[in-house]
Amino acid sequence: DTAVSQTPKYLVTQMGNDKSIKCEQNLGHDTMYWYKQDSKKFLKIMFSYNNKELIINETVPNRFSPKSPDKAHLNLHINSLELGDSAVYFCASSQLLFSYEQYFGPGTRLTVT
Amino acid sequence: GQQVMQIPQYQHVQEGEDFTTYCNSSTTLSNIQWYKQRPGGHPVFLIQLVKSGEVKKQKRLTFQFGEAKKNSSLHITATQTTDVGTYFCAGWKRDSNYQLIWGAGTKLIIKP
């Protein structure tokens, strides 16, 4: 059983398109996160939801919009994709916010051409 | 802004040599976590340190949290090829809101 799953694993698309990445966790955790890892491997936290409520909202373009239909799912929608959006996007979850280990999904490699 | 500086960016070692990575925060952290990411993989939690001056060991890995809760280190004794990967620290800070600040990672490369 995969604890944190993401779909798709790879996403290749053209500039200007809109795309979504889905994340699901079956750990019963209350908190979920989205991260962006660029080509230099720097991990940047983008958003965190705690029990469907947005808690952490780092400075990211408003073209990125997270949606949490329930606490087991956190999707990421990206509008008007740009070349600089190319990266690996990781979803993660933790039991609660703050001071709990995070479990990461396998990542979605997004390539914008 | 608030940062966690992690050094070195890369470290090449011969198998069997020791490895250390350091994280330094500009502000006091509530706790610090360490993660390992294998090439092509995702970050995997290693440990969390909470108390000032805390030292924890996991087999060949030793983790320390500074007295001022602003710095931390991970030391690996007698590296093995399975240790290859990038090691990240991540510090939680809580005041009026929650902040999770990640280091840039240290990539451990084992020379054959």
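**Chain B and its interface with chain A**

Good morning. I begin with the polar side of the interface: four residue pairs, both members at pLDDT 80 or more, are in polar contact between chain B and chain A. Such a contact is a pair of N or O atoms within 3.5 Å, one able to donate a hydrogen and the other to accept it, and residues adjacent in sequence count only if both atoms are side-chain atoms. Salt bridges, with a Lys or Arg side-chain nitrogen within 4 Å of an Asp or Glu carboxyl oxygen, number zero here.

This is a predicted model, in which local features need pLDDT of at least 70, side-chain atom pairs count only at pLDDT 80 or more, and totals for chains, interfaces and linings use all residues. Residues are numbered from 1 along each chain as its sequence is written, chains are lettered from A in the order in which they are written, and side-chain values use heavy atoms, without hydrogens and water.

The contact set, with heavy atoms within 4.5 Å, pairs 19 residues of chain B with 19 of chain A. About 1700 Å² is buried between them, 64% of it from carbon and sulfur atoms; this is accessible area (1.4 Å probe) lost on being put together, summed over both parts. In chain B, the greatest losses to chain A fall on B:Trp92, B:Tyr98 and B:Trp102, together 32% of what that side buries.

As for the fold, chain B has zero helices and 11 strands, taken as DSSP runs (H or I, at least four residues; E, at least two). Its C-alpha atoms fill a box of roughly 50 × 25 × 20 Å along the principal axes. Thank you.

Key. Buried area = accessible area lost by both parts, 1.4 Å probe.
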